[in-house]
Amino acid sequence: MKDTILAINGIECGYKGGFHICDLRLDVRRGDMVGIIGRNGSGKTTLMKAIAGDLAVMRGKIRLEGVDLSEMSLRDKARKIAVVSQFVEIADISVEDYVLMGRVPYRDRFQFADRSDDMAIARHYMKTTGIYHLRDSMMACLSGGEQQMASIASALSQEPTLLLLDEPTSHLDIAHQVRLMNLIRRLNTELNLSVVMIIHDLNMASEYFNRLVLMNDGRIIVEGTAESVLTPDNIETAYGVRIVTGRNPLTDKIAVFPYSESIGIT
């Protein structure tokens, strides 16, 4: 498919003597917003580490824009793929300097000062993420939500083709979750940026992603629209619990509802 940006073809990878993902196949198209869901230990983070190049692929291939990731230099990977982790690594530097770290893949070999275009790009994404007023603050002094926005601003400063996010909303309150998800969706739309994100909140996943990938035991068990993935049977298979589904009254997106065992339904 000519608009495929990321092609994962039958990969196996994992940890020596431990968990592996096996025979995993997935295509991500340009402009896709793909949510990876599944219970803890299902293989979501292992898959993300394989795409990011943090775990070696034992079998199969991962190609980015047709190029085997294993053949790309670290510098080229950093210009194509940006990663936002669940936990932000806090350095004793200002927000502006932290965001400017996203421009490192574009620096010349003996360049020690930031160029004016690097500064302009970093400031643009600080404004985009709403943290420009914090540019002189120290990273350690920010709230968790502000730190996550700084991490996204730094990732966007890489000007990537593919943005990977590993549970960036998991430790945020609902206000910061909604703000972050609205930002990512807007960037996806305005920049035609391909996004792959691990997310636990199934209702957020339904609301914001055009494709969902449900994993269990190191494999993809189903992928597609929220409508086709978030069914009671699929959720029971992957998570081992029964749920009921309904509709968001404003957007008509599928919504997932757990229920208490006290009502006596099994």
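**Helix packing and charges over a ring**

Helix α5 passes helix α6 in a right-handed crossing, a term for a near helix turned clockwise from the far one by less than a right angle. The model is a predicted one, in which local features need pLDDT of at least 70, side-chain atom pairs count only at pLDDT 80 or more, and totals for chains, interfaces and linings use all residues. Residues are numbered from 1 along each chain as its sequence is written, and side-chain values use heavy atoms, with hydrogens and water left out.

Helices here are DSSP runs (H or I, at least four residues), numbered from the N terminus. The axes of α5 and α6 (residues 174-191) come within 10 Å and cross at roughly 15°; such axes are lines fitted to C-alpha atoms over the stretch in contact, with angles from 0 to 180 degrees between N-to-C directions. The two helices α5 and α6 are therefore roughly parallel, the word for angles under 35 degrees. On the α5 side, Gly145, Gln148, Met149, Ile152 and Leu156 make the contact (heavy atoms within 4.5 Å), and on the α6 side His176, Arg179, Leu180, Leu183 and Leu187 do so.

Helix α4 (residues 116-128) also meets α5 (residues 144-157), their axes coming within 9 Å and crossing at roughly 140°.

Turning to ring contacts, the charged end of Arg135 sits over the ring of Tyr132, 4.1 Å from its centre. Lys127 lies over the face of Tyr132 too, at 4.9 Å from the ring centre. Such a placement requires NZ of Lys or CZ of Arg within 6 Å of the ring centre and within 35 degrees of the ring normal.

Notes. Angles under 35 degrees count as roughly parallel, over 145 as roughly antiparallel, 65 to 115 as roughly perpendicular and the rest as oblique.
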